[in-house]
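Welcome! Please take a moment to look over the sequence and the 3D view below, and then walk through the briefing that follows.

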Amino acid sequence: MPALRSRLDSFLAAVEKRAYRMAHLATGDREEALDIVQDAMLSLSARYGDKSEADWRPLFYRILQNRIRDWRRRNIVRTRWRTWLGFSGDAEDRRESDPMQQIPDQRYRPDREAMHGLAIGDLDAALASLPLRQQQAFLLRAWEGLTIEETARAMRCSGGSVKTHYHRAIQRLRHLLEGHDDR
Amino acid sequence: MTDKTSEREFVARIRTALDQSIEQLDPGIRSRLRRGRHEALARKAVSSPRRRPWRWGAAMVAATAAAALVLLVPINPRHTQSPLAAIDDLEMLAASDPLEIYEDMEFYSWLSDMENEIENS
């Protein structure tokens, strides 16, 4: 069905870059982020492409957030196993434990990209330092513009949890980026 | 300026910065995303759902083991993880749902949410 394929293509083209940025902020890794986004696109088009077009966006973000959460779970377990087995890859361990180090320093060139007083490198580091649930709630609500209900469905939690995660994310980001008191 | 207004302005600045950042994405990444999209669309026709109910049990065992690992294995002192992040991690590990169940469940839970919403409205 060419018309459906064309609409799906337009939809995915419209969300893929934001999805990549969200996945990249969560994983700190370009290849992992690309894999997650491709997997989410594949799942949406293969399984839900023939559903109502109005449902694509929230469904896509639900799939994307699930994939990110799965990646994080696997990563936590892998890190704990390595700790348990006594493996000490010093440089890599430090990189994994320090969110500031998870932001590649080549692509965004923060020295050249101060935006409205907000350097994207600083912003990325602040967003990457948030706990995953806060990061997800903030990006879905503030950037993607999902409602509380849509965000709750994407994150598989209650609307109350979304509000709490979002509020904490704002407090933390203001503290990190503006020196605003987050107490 | 009220705190609420300054919060809105703060969020708007972040949104603008993020919007501009995607305009400046590396051409290599743009190209990979485009290829991934085309591949996803091309594979749409040949995909079919897989049902593997045994994975529910395996997933619960795996989630329990993962959560136990996190609780029992002391954190490397070099890993300066905040208490909030640790709770976040534990919450995710305790969830027993494996990747594969989303293949079938995402849409059913979505439908269920939508039905509840309609009933409540």
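Helix α5 (residues 120-128) of chain A is mostly covered, as 7 of its 9 residues are buried. Here, helices (H or I, at least four residues) and strands (E, at least two) are DSSP runs, numbered from the N terminus. A residue is buried if 20 or more other C-beta atoms lie within 10 Å of its own, exposed if 12 or fewer, and partly exposed in between, with C-beta atoms placed from the backbone. This is a predicted model, in which local features need pLDDT of at least 70, side-chain atom pairs count only at pLDDT 80 or more, and totals for chains, interfaces and linings use all residues. Residues are numbered from 1 along each chain as its sequence is written, while chains are lettered from A and ligands numbered from 1 in the order in which they are written.

**Helix α5 of chain A and its partner α8**

- The buried residues of α5(A) are A:Ile120, A:Gly121, A:Leu123, A:Asp124, A:Ala125, A:Ala126 and A:Leu127.
- α5(A) packs with α8(A) at an angle of about 145 degrees, and their axes are 10 Å apart; axes are lines fitted to C-alpha atoms, for helices over the stretch in contact, and angles run from 0 to 180 degrees between N-to-C directions.
- The crossing of these two helices, α5(A) and α8(A), is right-handed; a crossing is left-handed if the near helix is turned anticlockwise from the far one by less than a right angle, and right-handed if clockwise.
- Which residues meet here? On the α5(A) side they are A:Asp122, A:Leu123 and A:Ala126, and on the α8(A) side A:Leu173, A:Leu176 and A:Leu177; two residues are in contact if their C-beta atoms, placed from the backbone, lie within 7 Å.
- By class, the contact of α5(A) with α8(A) has 5 nonpolar, no polar and 1 charged residues; Ala, Val, Leu, Ile, Met, Phe, Trp, Tyr, Cys and Pro count as nonpolar, Asp, Glu, Lys and Arg as charged, and the others, Gly among them, as polar.

- A:Leu176 lies in helix α8 of chain A, and it counts as partly exposed because 17 other C-beta atoms are within 10 Å.
- The C-alpha atoms of A:Leu176 and A:Leu127 are separated by 9.5 Å, although the two residues are 49 residues apart along the chain.
- A:Arg156 sits in the loop between α7 (148-155) and α8 (159-178) of chain A.
- Phi of A:Arg156 is near 55 degrees, a positive value in a residue other than glycine.
- Most residues other than glycine have a negative phi.
- Is A:Arg156 buried or partly exposed? With 17 C-beta neighbours inside 10 Å, A:Arg156 is partly exposed.

**Where the two chains meet**

- Helix α2 (residues 30-48) of chain A and α2(B) have axes that come within 8 Å and cross at roughly 30 degrees.
- α2(A) and α2(B) are therefore roughly parallel to each other; angles under 35 degrees count as roughly parallel, over 145 as roughly antiparallel, 65 to 115 as roughly perpendicular and the rest as oblique.
- The crossing of α2(A) and α2(B) is right-handed.
- In this pairing, residues of α2(A) including A:Leu34, A:Val37 and A:Met41 meet residues of α2(B), among them B:Leu33, B:Gly36 and B:Ala40.
- Sorted by class, the contact of α2(A) with α2(B) has 8 nonpolar, 3 polar and 3 charged residues.

**Each chain as a whole**

- Chain A has 8 helices and 2 strands, in the order α-α-α-α-β-β-α-α-α-α along the sequence.
- Of the 183 residues in chain A, 43% are buried.
- Chain B has 5 helices and 0 strands, and 14% of its 121 residues count as buried.

**How confident is the prediction?**

- The model scores ipTM 0.77 and pTM 0.70.
- Chain A averages a pLDDT of 82, and 77% of the residues score at least 70; pLDDT is the predictor's confidence in each residue, from 0 to 100.
- Within chain A, confidence is lowest in strand β1 (residues 114-115), at a mean of 47, and highest in helix α6 (residues 132-143), at 96.
- Chain B averages a pLDDT of 70, and 35% of the residues score at least 70.
- Among the elements of chain B, helix α5 (residues 99-120) has the lowest mean pLDDT (58), and helix α2 (residues 27-43) has the highest (93).
- Where pLDDT is low, the predicted coordinates should not be read in detail.
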